Amino acid sequence: MYNLLCIIFLYFSKSIKIMGVKLGKLLYRNEITFDSLKGKAIAVDFSNYAYQFLSSIRQPDGTLLMDSKGNITSHLMGAWSRFSNLITKGIKLVAVLDGEMPHLKHLTSKERHEKKQVAKEKFEAAKEQEDLELMNLYAKQTSFLTKEMVNESKELMEAMSIPVIQAPAEADAQMAQLSKNNDVWAAATSDVDPLLHGCKRTITNLTLSQRKKLRSGETKKINPELIDLNENLKILNINQKQLIIISILVGTDYNEGVHGIGPKKALKLVKENKDYDKMFQNLSIDFDWKEIYNLFENMKVKKDYKLKWEKINVKKIKEILVQRHEFNEERVDKVIQNLELGTKEFEQKGLSNWS
């Protein structure tokens, strides 16, 4: 069952849609290999990944993976499987947790919550009809990440020698701060929002599955993709401020964007206009563009963090996974052996050798 669930997770994890700025194909991406990431420090948006885990690691009927006591373990399975695999590839991870949600995001969050409630009702209806296919479909849309899940995941990641930073606000802004300070080489997430906060590089598709499911049901091979901020600003012939304004025009987590304006049209508008106040007035928007811009430019971040990679805590890992949640001890031991080899180099090298 463990192996089957891992296969299901790796196969479907990249088909999950995560909200973020809708820049589409406007940005230039470079395919990269895992070998090119070896020895580099990469920040990961834990919440972003956790929702992928909760959506993809499920039983055939759509129910979450649980232990015999009914405790959900999908988030732990995901963090353990994906992060241990990345570490054994020589990638030095830093996990960033979301903090307080900006007030402008509450409306978006409320809408998502309402959609999940509708999906939950549809799931229950499908369950009554014993329709496994529909149950699985709607179940994936009902994922909620609880405080308990986050805290337990934090325990596990720290035991795996992954430094964890609690952001005061959005993880995207905190990862950008790590990047600006050259404490990480890039931020790994499924969207490009960290770029708007000034992150030097983002990486998408950071999963060893290397398969992506298309709407047709077919799959295609994928590799990690690197999006370099300065490279894109140069190619698009814009500055950082204009990139943020383009994002506001097409839609962010804080606004729905302007009807009828996509990435290409937004790019054209920011180049044709110099007075952005006047431009937004002419577009008859129903939001304060400057307030949204300020969130990307000046969001609160933690500056007194410390990054330290130590030996993995085998006792703690087994206490969480095996004793607390009944993971197979033999399989956990095999992964621990690989982790110990992967983290041994981390202990021998200083941060300057990795970032």
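Isoleucine 317 touches Trp80, Leu156, Ala159, Met160, Ile312, Val322, Val332, Ile336 and Leu339, leaving aside residues up to four places away in sequence; contact here means heavy atoms within 4.5 Å. The model is a predicted one, in which local features need pLDDT of at least 70 and side-chain atom pairs count only at pLDDT 80 or more, while totals for chains, interfaces and linings use all residues. Residues are numbered from 1 along each chain as its sequence is written, and side-chain values use heavy atoms, with hydrogens and water left out.

Isoleucine 317 is also one of the residues with the most contacts inside the largest nonpolar core, together with Trp80, Phe83 and Leu206. This core has 49 residues. A nonpolar core is a set of buried Ala, Val, Leu, Ile, Met, Phe, Trp, Tyr and Cys residues joined through side-chain atoms within 4.5 Å; buried means under 20% relative accessible area, exposed over 50%, and partly exposed in between, with a 1.4 Å probe and protein chains only. Two or more residues come from each of strand 2 (41-45), helix 2, helix 3, strand 3, helix 6, strand 5 (186-188), helix 14 and helix 15 (329-348). Helices (H or I, at least four residues) and strands (E, at least two) are DSSP runs, numbered from the N terminus. Helix 3 gives the most, with 7 residues. Apart from this core lies another, of 40 residues, among them Ala169, Leu229, Ile261 and Ile292.

Helix 6 (residues 147-159) has 13 residues, which should span 18 Å at 1.5 Å a residue; the expected span is 1.5 Å times one less than the number of residues. The end C-alpha atoms of helix 6 are 19 Å apart, which agrees. Its buried residues are Met149, Val150, Glu152, Ser153, Leu156, Met157 and Ala159. Their cover includes helix 2 (46-56), helix 3 (74-88), strand 3 (92-97), strand 4 (164-166) and helix 14 (314-324).

Within helix 6 is serine 153, which counts as buried because its relative accessibility is 0%. Serine 153 touches Phe46, His75 and Leu76, not counting residues up to four places away in sequence. A polar atom of its side chain lies 2.8 Å from the backbone oxygen of methionine 149. After helix 6 comes serine 161, with a positive phi near 70°.

Leucine 267 belongs to helix 11 (residues 263-272) and is buried, with a relative accessible area of 14%. Residues up to four places away in sequence aside, leucine 267 touches Leu26, Leu236, Ile238 and Ile246. Leucine 236 is 31 residues from leucine 267 in sequence, and their C-alpha atoms are 8.2 Å apart.

Notes. Polar contact = N/O pair within 3.5 Å; in protein donor to acceptor, adjacent residues only side chain to side chain.
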